[in-house]
Amino acid sequence: MTPQDLVIRMLPPFGGWLALAALALPGGSPPRGAAVAAFLAVGPGAALVGVCGPALRARRAEGPVERRDTDFERHSELLEGLMLAVLLSVAAAMLVATVLIAAHAFSGDRVLLTLTLLTTLAAFCPRLRASPTPRTAPPAAPRTRKGSTL
């Protein structure tokens, strides 16, 4: 792992810890709201997409038959990663909030702290590898049930 990869991998947890530090700012300040909203919108999902990234990139995007955009694959993968990060972040926030509500321990600070800890844990997880493409085997004879006439 190169130092650049390490820095990119640690950006989502850094955003979470920055959002936690921003809680020390006054209640309605714009930097506080921006830090918390940016982390909640993208942070946990970006860490999860980072873990699953190599497995997700195993299949390339297929463009339309007539190619007007030469960078279709790259743009498609960037958009897919961004949307997946946002949707996973929203899902993680809802799941954590639901668990804390069920445990009668809900507060915004606890949701943010839990998501930051989970994001940090996801950043340290090893990346998933893409499974090898299956080789085409000769077609096997169809199985028959025991006692059937076929």
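Helix α2 gives the largest share of the lining of the largest pocket, namely 13 residues. Please keep in mind throughout that the model before us is predicted. The lining comprises 37 residues, and those nearest the centre of the pocket are Ile8, Ala46, Val49, Gly50 and Arg57. Helices α1, α2, α3 and α4 are the elements that each give two or more residues to this lining. The space in the pocket amounts to about 910 Å³. As to the class of the lining residues, 24 are nonpolar, 5 are polar and 8 are charged.

Let us stay with helix α2. Where does α2 bend? The bend, of about 40°, is at Gly50, and Pro54 follows within four residues. The helix itself covers residues 30-56. Gly50 also belongs to the buried residues of α2, which include Ala35, Val36, Phe39, Gly43 and Val49 as well. Among the elements that cover the buried residues of α2 are α1, at residues 3-22, α3, at 72-102, and α4, at 108-124.

I turn now to helix α3. What end-to-end span should we expect of its 31 residues? At 1.5 Å a residue the helix should span 45 Å, and the C-alpha atoms at its ends are 44 Å apart, so the two values agree. Its buried residues are Ala85, Ser89, Ala92, Ala93, Val96, Ala97 and Leu100. These buried residues of α3 pack against α2 and α4.

Just after α3 we come to His104. This residue is placed in the loop between α3 and α4. Is His104 buried or exposed? Its relative accessibility is 75%, and a residue over 50% counts as exposed, so His104 is exposed. Its backbone also deserves a remark. Most residues other than glycine have a negative phi. His104, a residue other than glycine, has a positive phi near 55°.

Finally, we consider Thr116, which lies in helix α4. The limit for a buried residue is under 20% relative accessible area. Thr116 has a relative accessible area of 0%, and therefore Thr116 is buried. Which residues are in contact with Thr116, leaving aside its neighbours within four places in sequence? They are Pro13, Gly16, Trp17, Leu20 and Phe39.

Notes
Residues numbered from 1 in each chain as written. Predicted model: local features only at pLDDT ≥ 70, side-chain atom pairs only at ≥ 80, totals over all residues. Heavy atoms only, no water. Bend = angle between axes of the 7 residues up to and from the residue. Buried < 20%, exposed > 50% of the residue type's maximum accessible area, 1.4 Å probe, protein only. Contact = heavy atoms within 4.5 Å. Expected span 1.5 Å × (residues − 1). 1 Å grid on protein atoms, 1.4 Å probe; cavity = no way out; pocket = protein on both sides within 12 Å on 5 of 7 lines; lining within 4 Å. Points joined across faces, edges and corners; volume = space filled by probe spheres on them. Nonpolar A, V, L, I, M, F, W, Y, C, P; charged D, E, K, R; others polar.
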